[in-house]
Every structure is written in C-alpha cells, then in structure tokens.
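Morning, everyone. Please have the sequence and the model open. I'll go through one complex, piece by piece.

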Amino acid sequence: MKKTIFFLAMIAIVTSAYSQDKYFTKSGKLGFDATVPKSPENIDAVNKAALCVLDTKTGDVQFSCLMKGFEFDRALMMEHFNENYAESDKYPKTVFKGVITNNASINYTKDGTYPAKVKGQMTMHGETKDVEAVGNIISKAGKLQISANFNIVFADYKIVIPQLVADKLAKTAKISVDCLLEPLKK
Amino acid sequence: MKQLLLNGFAILLLSTISLKSIAQEVDLLDLVEDKTPKKEIVKNAFKSIRVINGHSMEFLSPGTMDFRILHRFGTLNQGTKNFFGLDQASMRLGFDFGILQNLQIGVGRSTFKKELDGYIKYAPIRQSTGAHAFPATIAFVGGMTMNTMDFADPTITNYFSSRLAYYFQTIIGRKFSEGLTLQLSPTMVHNNLVPLSTQPNDVYSLGLGGRLKMSKRMAFTWDYYYLINGIEDDVNYNPLSIGVDIETGGHVFQLHVSNAVGMNERAFITETTSSWENFDIRMGFNLSRIFQIKKHKK
C-alpha cells in the first residue's frame, strides 16, 4: 500500500512539474535611449514586439526582437538606424540568452515582487557579448511582470558612429525591458 | 524484487523529468517564434526622392517634409571670366511631402523662367521581399509647370494656358543590391505652347537613372533622359547629369555635373540647349533636408 501511494505520488509530482513552468510573451517592450545629455535631439526608440520566454524551473530566460521593430518619433532617424547603424538588412534580429542567477530565491507561484539578477549573452549586429542585468519579477494572478535595465556600449557590437555625428549620439545606450509574461501552454 | 522494481521505475521516472528539461534548455525561443515569412518593403534604393533631376523610385515617409534647394551654375567652359560658371546661378526651391507610404506630393519654383511646378507621385506596387514578394517598384508621377514671367509681346492676344505644361511619367525601379539601384522612366511632356511650329507639343522620352553606393553615406548617381522625339539638331540635346550623393545626418547633398540648367521636367527634358560635346556643362548641387512634420505615435 505504502509503495502504491509512493508510486502515485511520483506520478503526481511528474505531471505537476510539466505544467506552469514556462512563461512567454510576443509583445514585450524593449526601449533604448542613446540621447546625449543636454542635447536638443532625443535619440530613443521602443520595440513593442519583443519575444520573451522564461523557464521558471531552470531560470533560463531568452529574448528576441527584430531591429526593424524599433519605433522612433522621426521616420528619418528610424531609416538611418536601420540602414547605417544597426544594418538591419544584414542582422535582422537581436537575441539574448541567459539565466536568472538567483532563480532559487524566486517563488513564481506566490504573488509578490522578487529582485532578479540575470546573466547571459546578447547577439546583436553580428557580435556576441556578455550582459549582466538587474531587475524585478512581479508575480500577480498567475502572470509575471519582468522589468530590467542595463547598458550597452555600441563599440562592443561594432556599431560605428561616424565623427560627424559623434557629439549627437551617446556611446552607450540605456536599455529597458518591460514584459508581461503569461504561462506557455503546450 | 517488487521493491527493487518499484524503486527502479521511480528512478526511471525521475530521470525522464531531468532529461526533458535539459533538452528544452537549448532554445526556448523556438517554442514561441512566429516562423511565417512576412512581406517587407524594400527601402533606401536611392538616398533622395530625386535621382539628380528626375524623380526617383523612393518615397518620403508619411508625415515628413523634404526641403530642397537646387542650384545650377553657369557653364564650365566660360573659363575664369565667370569663374567657371560659378558667377551665374539658377535656383529652385521646393517642398515635398510624404502623405502615405506610397503617395507623395510636391511644389517648387525655379528662377529659370520663374516657373512654378507641382506634382503627385503614387506607387501602386513597391519592391518587396518575403511573402508576396515583388521585384520592382512601379510609380506614376503627374505634374504641371507654370511659367510666371511677363509675356514677351503684350500687344498680341496671350492666353493663360500658354504658360502651362504637363508631364506624365512611369517609374520602374529596382534595388538590385545594397550597392546598385537602376530605374527606367518613360516620360511624356506636353507643352501647351512651343516656340516654333516645327517643334512638337508632346515630347516622349525615356529616363535612365541609377546609383552605385560607394560607402554607407556616399553614392555615385547618374540621370539621363533619351528624347524619342523633339530633338532638333543644334537646338536641344538629351540631358545627362552625373554626380555624387553625400548623406550627413539629416541632410543629403547631391553634387553633380550636367548639361541641363532646368530643374523641373519640362525644362530639363525639352529645353536643354547645352551639350556635353561642346563642353557646355555646368556644376550644380541639390541640398535636401528632411523635417518630421507629423510625429509617429510611439
């Protein structure tokens, strides 16, 4: 009897382990800001169609977005971003693959705000670099709101800023992440 | 034995759990990515909405305005007397507006004959890649010019309609690669009034324009119109312009050499009275600055 119960319990654990362990969104918000302080020209954009997948069991988190999905206030700035800087025809996607280093301390099923540290690699403009970020995971009503901020240096990704506009564009960009993840049903 | 079997089965179950999670660690994105190919309009075939003189296959983004200042100097073969033509200048001021992704309008005024001009440009099909790809952009341009100078002979009956000319053009262009764009523009210019009865009111021509991109911000361009009818020996010639486009942030500078002094279709197609053979060529530049009139909602 004891063994049967044990066996049934095993099955119960196995099946429950498969549900609710992956969360995703296809409309994550990614922002970037490369405005030079005190400059009259704002250089910022928002991508509202980022893909994000989070595996709560392992802490693996992955992002992907199309460079042409970044929306700017000015159409010409967007054209230059795609044609001259990001070279979106050659490198259409930016991908981040990482892991939440303090995943064990986050209780995804319990409502609350949990600080999170992410470490991983970002591939952009054909270059792959290590990225570390700090953020929050807010669990509410079965959904996860993740937000994070980090900086990237354009030169790291071989994005060339010509001398002519060197004082109009910052050398580092502030990246902000804001995604609402829902459970992935297989 | 039973105990062993049960334990063994439990271990097997446990191991399948861990195996499954390892297998999916590799690419989570694959689970949600939308792999259907999407249609993408090809952009930036030319850096500007004009090749040099003629319209290009490129459209302004909706809500933007292109402020254009065109300059044509005097002919180079005048030597130092007129500083190789720099002492004389002909100018056109123009404003072009992007209405939709494939609809554009523009107005301008040239000092040459004090001519006003306006046009509408529309592309029913644009070059695209991905789903439902199309190999070229096909655009139609309809324009009108109006000469606003005083009539040469005020004593005779002068008609207002004599001031007007019209042009219709089809642009078929293709961006072959990041480095090469070519376009064909069959054009018809209708002059309401021509100087001599031997000259046709309707002039048909074929425009050949293209660009060779040298670097991210610099390109070599050429703009040629071959007149099918309407050429009179030693009176008028086919206009040919060759130049360099330089893009700097919000401005595009087009520096070129041409035999045409006119800057609207009627003038440079039907009234180019200088020829390359006689070295009656002139330097010129187009200066273009894009302004965002209507902001994108982010």
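Let's start with one residue. A:Glu79 sits in helix H2 of chain A. Keep in mind that this is a predicted model. Is A:Glu79 buried, exposed or partly exposed? It has 17 other C-beta atoms within 10 Å, so it counts as partly exposed. The cut-offs are 20 or more for buried and 12 or fewer for exposed.

What does A:Glu79 touch, once residues up to four places away in sequence are set aside? Its contacts are B:Lys43 and B:Asn44. Now pick out A:Glu41. That residue is 38 positions from A:Glu79 along the chain, and their C-alpha atoms are 16 Å apart.

That takes us to the interface. On chain A, 29 residues are in contact with 27 residues of chain B. Which elements of chain A supply at least two residues each to that side? They are helix H1 (2-18), strand E1 (22-35), strand E2 (44-55), strand E3 (60-66) and helix H2 (75-85). By type, the chain A side holds 14 nonpolar, 4 polar and 11 charged residues.

Now chain A as a whole. Its secondary structure is 2 helices and 9 strands. The order along the sequence is α-β-β-β-β-α-β-β-β-β-β. The C-alpha atoms fill a box of roughly 80 × 30 × 25 Å along the principal axes. Of the 186 residues in chain A, 26% are buried. Take the contacts in chain A with a separation of 6 or more: 57% of them join residues 24 or more positions apart.

Next, the cores. As background, nonpolar side chains tend to be buried together in soluble globular proteins. Here the largest nonpolar core has 24 residues. Which members touch the most others? They are A:Ala50, A:Cys52, A:Leu54 and A:Leu181. At least two residues each come from E1, E2, E3, strand E5 (93-100), strand E6 (112-124), E8 and strand E9 (169-183) of chain A. E2(A) gives the most, with 5 residues.

Leaving out neighbours within four places in sequence, its contacts include A:Cys52 and A:Leu54. Also on its list are A:Tyr23, A:Phe24, A:Thr25, A:Lys143, A:Leu144 and A:Ile146. There is a second, separate core of 14 residues, with B:Ile49, B:Ile52, B:Ala123 and B:Ala139 among them.

On to the strands of chain B. A closed barrel of 12 strands runs E2-E3-E4-E5-E7-E8-E9-E10-E11-E12-E13-E14, with antiparallel pairing. From one strand to the next, the twist averages 20°. Zoom in on one pair. E4(B) and E5(B) are antiparallel, with 8 bridges between them. One bridge to find on screen: B:Arg109 is partnered by B:Leu116 in E5(B).

The loop that joins those two strands deserves a stop. B:Lys114 lies between strand E4 (103-110) and strand E5 (115-125) of chain B. Its phi is positive, about 45°, although it is not a glycine. Why does B:Lys114 count as exposed? Because it has 12 C-beta neighbours inside 10 Å, and 12 or fewer is the cut-off.

A:Ala141 is not a glycine, yet its phi is positive at about 50°. Where is A:Ala141? It is in the loop between strand E7 (127-140) and strand E8 (143-153) of chain A. With 5 C-beta neighbours inside 10 Å, A:Ala141 is therefore exposed.

That's my tour. Over to you.

How values were computed
Residues numbered from 1 in each chain as written. Chains lettered and ligands numbered in written order. Predicted model: local features only at pLDDT ≥ 70, side-chain atom pairs only at ≥ 80, totals over all residues. Contact = placed C-beta atoms within 7 Å. Helix = DSSP H or I, 4+ residues; strand = E, 2+ residues; numbered from the N terminus. Nonpolar A, V, L, I, M, F, W, Y, C, P; charged D, E, K, R; others polar. Pairing = 2+ DSSP bridges. Axes fitted to C-alpha atoms, helices over the stretch in contact; angles between N-to-C directions. Core = buried A, V, L, I, M, F, W, Y, C linked by C-beta atoms within 7 Å.
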